[in-house]
Amino acid sequence: MHSSTLLILLLGLMALAYHFGRKRAISSAGGIARINTLHSLPAYYGLYAALWAGIPAMLLMALWSGFQNEILIAILKSELPPSLMDGLSTGQVGLMVNDIENLASGAIVSGSVTPEMQAVADRYAQLQRFADWAMWLAVLAIAVGGMGYAWSRTQPRMRARNRVENIFMVILVVFSSIAILTTLGIVLSVLFESLRFFQSISPLEFFFGTLWSPQTALRADQVGASGAFGAVPLFTGTLMVSAIAMLVAVPIGLMSAIYLSEYAPRRVRSLAKPTLEILAGVPTVVYGFFAALSVAPLIRELGMSMGFSVASESALAAGLVMGIMIIPFVSSLSEDVINAVPQAMRDGSYALGATQSETIWRVIIPAALPGIVGGILLAVSRAIGETMIVVMAAGLAANLTANPLDSVTTVTVQIVTLLTGDQEFDSPKTMAAFALGLTLFAVTLTLNVIALHIVRKYREQYE
Amino acid sequence: MSTTVEAMGQRVGAMSAAELSSRPDSRATVGDVTVANPRMVCREVDVWYGSKQAIKGVSLDIGKNEVVSMIGPSGCGKSTFLRCLNRMNDTIDGCRVEGSIQLDGQDIYDKGLDPVPLRAQVGMVFQKPNPFPKSIYENVAYGPRIHGLTNNKAELDALVEASLRKAGLWNEVKDRLDQPGTGLSGGQQQRLCIARTIAVSPEVILMDEPCSALDPIATAIVEELIDELRANYSIAIVTHSMQQAARVSQRTAYFHMGDLIEVGETNEIFTNPRHKLTEDYITGRFG
Ligand SMILES: Nc1ncnc2c1ncn2[C@@H]1O[C@H](COP(=O)(O)OP(=O)(O)O)[C@@H](O)[C@H]1O
Ligand SMILES: [Mg+2]
């Protein structure tokens, strides 16, 4: 009696509803021959009936499955014999309810099973069976009811086509609201946690403090009990790694975009473009160990041989590899804007006796510049938000340094370290992650908005 | 190469005699394709796009100080032929040009000849005005800068002004040279493009339907300009308007499906076409 069986049954009902809705529409018109007296094509009456049969029933099913357990457990708790509850804290009661649920479903139980518990579990299983049956009945009743409603409404003048259109619109609106509301929910939760963080740590310290040492005491008398939450070293670390990445990605990406869009023969382009796109598809964790295991040691050895002292996890290594990761991003965005410059510009320049490179540097690039800048800003926001590479290659030490050979840490790395492992969810240490996340979100959002605005403006120019 | 060109020239010359006009349905050119003092000489030009032939054995001269107009139904190859004259077809993938085209006696498809400077000698104005997204000044200064035509800013200023004057645009833009060329009206943009072309001192100017995107008043201004330019340049203009061809050109060439059907004095062509296809087109029975 699984609920997926019910779902399949519902789909079957919808198919039936479609069939009969269509049939009824035709017969209400007075047969196939008089079909043009119908407002809409018969299929729309069928769809109308199917939607009425399916959607309310599915909604009910979703709601029911969502709340059934909650309600059953509430009933269970109210019925628990006092002998079982004796001297237990709420937490322990919760554990016991958990045990009972597991017992009822036949899973292994943590404690020993008393006959009393077994009785409660049996009762729970019984309730569950009952609720399942009730759901089946209710859902099928609603489905049949919906079908009947559509049946009774079907007559030649009913505007089935418009109705179906409206229903689809409502469905689409609902789904897009889910997407938007989820985003909103995430942002709000980050915002509220950050506000809680800023109640214990002043924003002034967070945004301008230069010492980052995020630990909180487990005992009041512990050594080094007070944490320091000055995020400036994180910001500078992030900036440095991103800047190095852009120094790598912008020239290489831009040049390859120019080559691909202006010079490359069609055959080369058809090979090189997918290759670059593969580069974009490599999981960042792969770049991460490439950075940590190959590039970082290489840079260290190189630096040592030239007499520099290089940290084994340097900003340079992380930045270089991140730059490589971003190349396809820069190049495909730049290529798009370069291709968007109309051929007429190139023709105009060639017709004046300009060479290809004169045309590119004096006409195409200046014309595409706003779009290219927009693309670069998007890439910067990618770099700032990138996590895996820096986690693996940039290190954890929050050094405030301008030396790319030193180890630095970034906002994303710190968020990861703050939240991995067992954490209390109300210490400033954990909540600092939310404040960092919020800052990161604000910065990348701003960058994206500006970049998209520039790119859009640029597109309009050539429409 | 030159001997074959001469041979071809003789053949065409021979063909353009009475013998040809006596069979007006044939696809060989009716009328005299040569002029007394030619600037450009095209002989037996074939153009292919891939395996599709767009121009079939076209021979035509463009004389000094004359405006030649090319008319014909769309898709007949007027633009293709025009683009052969400054080797703009080189930029099109899969386009192949055969035959001979000379500018002042020099074969422009010669292996050793660089098409880039050629395009400064044979300038081109396009159907849709295509000013660069730069200031009006920079639009005109673009060519001279590339070719190093001036030695200092003052000379460049003078050249820009002279070009804009010749294009009849100076008085309209002299106070806003630093504003974007794309902000001008369509007709002004087209005259800016003509000024830009003039600035590199070409000998021949090719115009591909230069007025088709313009309103009647702007068209009249550009037509007047073309007539003035004739004093210093040779001009080949593609147009879909027979009135325009009649107004601006001294000779007219009628193209049909890749063939050059008939060439002659403009008023001759329009009053007394010799070929059946030309007559059909001109009287509006076709195209
Ligand atoms: N870039 C191109 N690639 C392939 N075929 C082309 C190209 N340009 C033009 N053609 C073809 O060549 C023929 C002549 O075109 P075109 O010279 O543009 O004609 P017109 O300017 O007289 O209207 C047409 O059949 C057209 O489809
Ligand atoms: Mg054309």
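This is a predicted model: local features need pLDDT of at least 70, side-chain atom pairs count only at pLDDT 80 or more; totals for chains, interfaces and linings use all residues.
Residues are numbered from 1 along each chain as its sequence is written, chains are lettered from A and ligands numbered from 1 in the order in which they are written, and side-chain values use heavy atoms, with hydrogens and water left out.

Helices (DSSP runs of H or I, at least four residues) and strands (runs of E, at least two) are numbered from the N terminus. Helix H4 of chain A covers residues 90-105; at 1.5 Å a residue its 16 residues should span 22 Å, and the end C-alpha atoms, 23 Å apart, agree with this. The expected span is 1.5 Å times one less than the number of residues. Several residues of H4(A) are buried, including Val93(A), Met96(A), Val97(A), Ile100(A) and Leu103(A), together with Asp99(A) and Glu101(A). Here, buried means under 20% relative accessible area, exposed over 50%, and partly exposed in between (1.4 Å probe, protein chains only). The packing partners of these buried residues are helix H2 (42-79), helix H3 (82-85) and helix H5 (115-153) of chain A.

Helix H6 of chain A runs through residues 160-200, and its 41 residues should span 60 Å at 1.5 Å a residue; the end C-alpha atoms are 60 Å apart, in agreement. Its buried residues are Ala160(A), Val164(A), Val190(A), Ser194(A), Phe197(A) and Phe198(A).

Chain A is divided into domain 1 (3-158) and domain 2 (228-462), with bounds from an automatic or database domain assignment. The C-alpha centres of domain 1 and domain 2 of chain A are 50 Å apart.

## Salt bridges

Over all chains, the structure holds 17 salt bridges, each defined as a side-chain nitrogen of Lys or Arg within 4 Å of a carboxyl oxygen of Asp or Glu. In chain A, Glu262(A) pairs with Arg346(A) in a salt bridge whose closest N and O atoms are 2.7 Å apart. Glu262(A) belongs to helix H8 (residues 232-263) and Arg346(A) to helix H12 (residues 343-350) of chain A, so the pair ties together parts 84 residues apart in sequence. Glu262(A) is buried at 12% relative accessibility, and Arg346(A) is buried at 7%.

In chain B, Arg145(B) and Glu138(B) form a salt bridge of 2.6 Å, N to O. Arg145(B) is partly exposed, with a relative accessible area of 37%, and Glu138(B) is partly exposed at 27%. A further salt bridge, of 2.9 Å, N to O, links Lys153(B) and Asp157(B). Both residues lie in helix H6 (residues 153-166) of chain B, 4 residues apart, about one turn of the helix. Lys153(B) is exposed at 52% relative accessible area, while Asp157(B) is partly exposed at 31%. Salt bridges with shared partners also connect Arg39(B), Asp104(B) and Glu203(B) in one network.

## The sheet of chain B

Chain B has 12 helices and 10 strands. Six of its strands form an open sheet of mixed pairing, in the order S6-S7-S8-S3-S9-S10; two strands pair if DSSP finds at least two bridges between them. Strand S6 (122-125) and strand S10 (259-265) of chain B are at the edges with a single partner strand each, so one side of each has no neighbour in the sheet. The twist averages 20° from one strand to the next.

Strand S3 (residues 67-71) and strand S9 (residues 251-256) of chain B run parallel and are joined by 4 bridges. Ser69(B) stands opposite Thr252(B) in S9(B). Helix H8 (residues 186-198) of chain B packs on the sheet, where it touches S6 and strand S7 (204-208) of chain B, and its direction makes about 170° with that of S6(B). Axes are lines fitted to C-alpha atoms, for helices over the stretch in contact, and angles run from 0 to 180 degrees between N-to-C directions.

## Burial and contacts in chain B

Of the 287 residues in chain B, 56% are buried. Among contacts in chain B with a separation of 6 or more, 68% are between residues 24 or more positions apart; contact means heavy atoms within 4.5 Å.

Asn86(B) lies in the loop between helix H3 (78-84) and strand S4 (95-103) of chain B and is buried at 0% relative accessibility. Leaving aside neighbours within four places in sequence, Asn86(B) contacts Leu118(B), Arg119(B), Val122(B), Met124(B) and Leu206(B).
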